[in-house]
Amino acid sequence: MTRIVVRGRRSRPAPARRSRARDALFDRAVAEFFMRRALREAEKGLGRTSPNPAVGALLVKNGRIVARGHHARAGGPHAEVVALRAAGARARGADLYTTLEPCDHQGKTPPCSRAILEAGVRRVFVGSRDPNPLVNGKGMARLERGGVAVVKDVLRGDCDRLNAHWFTWITERRPHVTLKAAVTLDGKIATRTGDARWVTGEAARAWVHRLRDRVDAVLIGAGTARADDPELTTRLPGGRGRDAIRVVLDTDLSLPARLKLFHARSAAPTIVAHASERSRRLGPGVELLRCRRARRGGVDLRDLLAKLAARGVTHLLVEGGACVHARFLEEGLVDRIAVFVAPKIAGGDGLSLVASRGPARMADALRLADVHVERVGEDVLVTGVPAAERRRAALAKNRGRG
């Protein structure tokens with residue numbers, strides 16, 4: 001530390017250095033308290049910002065929140081700028097909490113790092129680091145060069161989970177895939193006749209609609225489309241739900257045009273992913289998306305995911321059926337699994353969760369990591385990450401950060 005010598009005696013640290021040292025001090029519990037509230041702000045943008053991440057920001061002065069902001073849509077102002085505008089002159093000398101590292105490049109909006117410096121913010125608390133090569137530490141570095149104290153990795157695990165879908169999209173150029181299913185106690189998704197209405201209770205079904213409201217696209221196979229004839233729309237109280245893009249796998253374009261999927265009243269389109277040479281007209285707002293044919297038959301899933309990513313789909317929800325579950329799992333394309341277990345028994349002739357032979361030894365069964373169990377109404381929800389996928393995602397994220 002630089003010290004000034006006056007009349008042969010050492011004085012206190014120089015004022016600028018003393019101020020910087022004081023700014024570097026913070027209470028971890030207080031920082032996490034405010035970052036949790038920034039996370040709540042960020043959640044408001046889930047499902048609405050693609051292909052951008054969901055970000056929340058707070059400005060705090062003298063222990064009180066003076067402004068909030070979240071990124072509401074791609075092309076709109078970022079969370080930090082929304083909060084700075086709301087704060088006005090109160091931003092000078094305040095602390096900024098942001099769930100993601102501020103950007104440092106000119107895109108559809110100016111760099112947030114520059115706006116933060118111009119506003120006179122004292123300290124910036126950051127949750128996630130941005131793996132986007134255009135940012136990747138540059139935002140925090142610019143702030144530090146400008147004399148702003150930066151506190152990194154505050155509630156980083158929670159902030160990373162919030163934007164796991166976007167990290168996958170950035171680092172792997174494909175959507176983050178969540179596989180959702182509902183099974184009975186004996187692992188069946190339907191009875192021997194194919195009936196699946198309903199495996200779970202109302203609370204679990206409401207949970208699914210809230211999830212649909214937050215993803216970019218929902219996918220099912222042709223078998224599920226025929227058997228259940230779902231609309232795949234989002235139904236929340238008061239009509240607040242936002243419909244995701246509906247995707248159905250129909251390799252040879254054989255599904256009947258009468259299905260509800262093709263006639264849903266929705267602002268979101270229905271995409272039929274196929275590998276056929278022919279074309280059909282299936283209904284208003286229905287788009288045919290031709291993909292490569294997989295070597296073992298069916299639509300090439302990696303080609304489909306690349307095409308969905310190219311149109312800004314960052315989070316894909318796979319809702320069945322058993323053959324589709326098997327293909328996504330076998331190809332290592334599932335990033336998260338959410339399975340409801342209902343207190344029912346369907347019997348041995350029911351349809352299993354995954355239509356594949358599986359391993360010969362239990363030791364080789366797919367394991368889940370980061371497992372969370374909760375009760376939802378009369379059912380139990382089990383969520384987790386395929387253990388192999390967790391390792392792969394960590395490697396991909398590290399590559400993204402250079």
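In which sense do β12 and strand β13 (residues 286-290) pair, and over how many bridges? They pair in the parallel sense, over 5 bridges. Bear in mind that this is a predicted model.

**Stop 1**

Select β12, residues 270-274. The strand is mostly covered: 5 of its 5 residues are buried. Show the side chains. Thr-270, Val-272 and His-274 point one way, while Ile-271 and Ala-273 point the other way. In a regular strand, side chains alternate between the two faces of the sheet.

Now check the pairings. In β13, Leu-288 is the bridge partner of Val-272. β11 and β12 run parallel and are joined by 4 bridges. Here Leu-249 stands opposite Ala-273 of β12.

**Stop 2**

Center on Leu-249. Beyond its neighbours within four places in sequence, Leu-249 is in contact with Leu-219, Ile-220, Gly-221, Ala-222, Ala-273, Val-299, Leu-301, Leu-304 and Val-324.

Zoom out to the largest nonpolar core, which has 29 residues. Leu-219, Leu-249, Leu-304, Leu-316 and Phe-328 have the most contacts inside it. A second, separate core has 28 residues, including Val-215, Ala-244, Val-272 and Phe-340. In soluble globular proteins, nonpolar side chains tend to be buried together.

**Stop 3: α11**

Step past the helix to Gly-332, which follows α11 and has a positive phi, near 65°.

**Stop 4: the annotated domain**

Select residues 29-151. An unreviewed UniProt entry places the feature "domain: CMP/dCMP-type deaminase" there. Over residues 29-151 the chain is 33% helix and 23% strand. The end C-alpha atoms of this stretch are 13 Å apart.

Within that range, go to Asn-132. Asn-132 sits in the loop between β6 (123-128) and α5 (138-145). Is Asn-132 buried or exposed? Asn-132 is buried, because its relative accessible area is 14% and the cut-off for buried is under 20%. Leaving out residues up to four places away in sequence, Asn-132 touches Trp-166 and Ile-170.

**Stop 5: cysteines**

Select the cysteine sulfurs. How many disulfides does the count come to? The count comes to 0. Start with Cys-103. The cut-off for a disulfide is 2.5 Å between sulfur atoms. Cys-103 is buried, with a relative accessible area of 6%.

Move to Cys-291. Cys-291 is in no disulfide either. Its nearest cysteine sulfur, that of Cys-323, is 18 Å away. Cys-291 is buried, with a relative accessible area of 6%.

**Stop 6: confidence**

Color by pLDDT. The protein chain averages 89, and 90% of the residues score at least 70. Then select residues 1-16, where pLDDT stays under 50. For residues 1-16 the model has 14 contacts beyond four places in sequence. Finish at residues 395-402. There too pLDDT stays under 50, and the model has 14 contacts beyond four places in sequence.

Technical notes
Residues numbered from 1 in each chain as written. Predicted model: local features only at pLDDT ≥ 70, side-chain atom pairs only at ≥ 80, totals over all residues. Heavy atoms only, no water. Core = buried A, V, L, I, M, F, W, Y, C linked by side-chain atoms within 4.5 Å. Buried < 20%, exposed > 50% of the residue type's maximum accessible area, 1.4 Å probe, protein only. Helix = DSSP H or I, 4+ residues; strand = E, 2+ residues; numbered from the N terminus. Contact = heavy atoms within 4.5 Å. pLDDT = per-residue confidence, 0-100. UniProt positions renumbered as here; feature names shortened; annotations may be inferred. Pairing = 2+ DSSP bridges.
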